[in-house]
Amino acid sequence: MVEIRRLEPERVEDLLRLWREAGLPHKPRGRDSPEMLRRQMEENPEGFIGAYDGDRLVGAVIATYDGRKGWINRLAVHPAYRRRGVATALVKAAEEVLIRKGALVIAALILEDNKPSLNLFKKLGYEVGRGVVYVRKALRPEA
């Protein structure tokens with residue numbers, strides 16, 4: 001049985017390992033470095049949520065609130081635990097955190113070729129926005 005609970009800063013290496021095992025692209029020398037992640041976890045402790053099988057981290061999500069909108073970020077589930085409801089449980093836990101913070105709109109950015117994630121969010125009542133173009137400005141190449 002998988003248990004959903006807070007992801008503690010001392011588990012940051014487990015989070016990075018999960019992202020690698022799940023095939024989630026990340027920036028280990030930039031915004032996803034252990035130091036940056038620990039700082040983010042300390043600033044937003046309830047937003048880092050893990051799915052555990054015993055002591056093993058098998059899924060994770062980050063919930064952030066910008067004061068206007070809630071964001072579901074970096075949802076990842078270990079391949080051996082997919083199609084067992086882990087991602088759904090993580091999204092629901094993230095929604096609970098964001099609702100407590102005051103979010104009236106919850107959103108996620110999903111790569112258009114990530115059909116499993118798109119299907120999951122659609123199943124959970126999310127609508128796919130059209131006509132939105134994502135722009136970004138990386139202040140350092142590794143960011």
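Start with helix α2: select residues 34-43. This is a predicted model. Pick out P34, L37 and M41, the buried residues of α2. Now look down the helix axis. The buried residues fall within an arc of 65°, so they line one face of α2.

Select E35, E42 and E43. These residues are exposed.

Next, the aromatic rings. A pair of aromatic rings is described by the distance of the centres and the angle of the planes. How many aromatic pairs are there? The count comes to 1. Select F121 and Y126 to see this pair. The two ring centres are 5.0 Å apart. The angle between the planes is 85°, and the pair is edge-to-face.

Are these two residues buried or exposed? Buried means under 20% relative accessible area. F121 has 6% relative accessibility, so F121 counts as buried. Y126 has 16%, so Y126 counts as buried too.

Now look for arginines over rings. Select W19 and R74. R74 lies over the face of W19, at 4.6 Å from the ring centre.

Last stop: select Y81 and R84. Here R84 lies over the face of Y81. The distance from the ring centre is 4.7 Å.

How values were computed. Residues numbered from 1 in each chain as written. Predicted model: local features only at pLDDT ≥ 70, side-chain atom pairs only at ≥ 80, totals over all residues. Heavy atoms only, no water. Buried < 20%, exposed > 50% of the residue type's maximum accessible area, 1.4 Å probe, protein only. Helix = DSSP H or I, 4+ residues; strand = E, 2+ residues; numbered from the N terminus. Arc of directions from axis to C-beta. Phe/Tyr/Trp six-rings, centres within 6.5 Å; stacked < 30°, edge-to-face > 60°. Lys NZ or Arg CZ within 6 Å of the ring centre and 35° of its normal.
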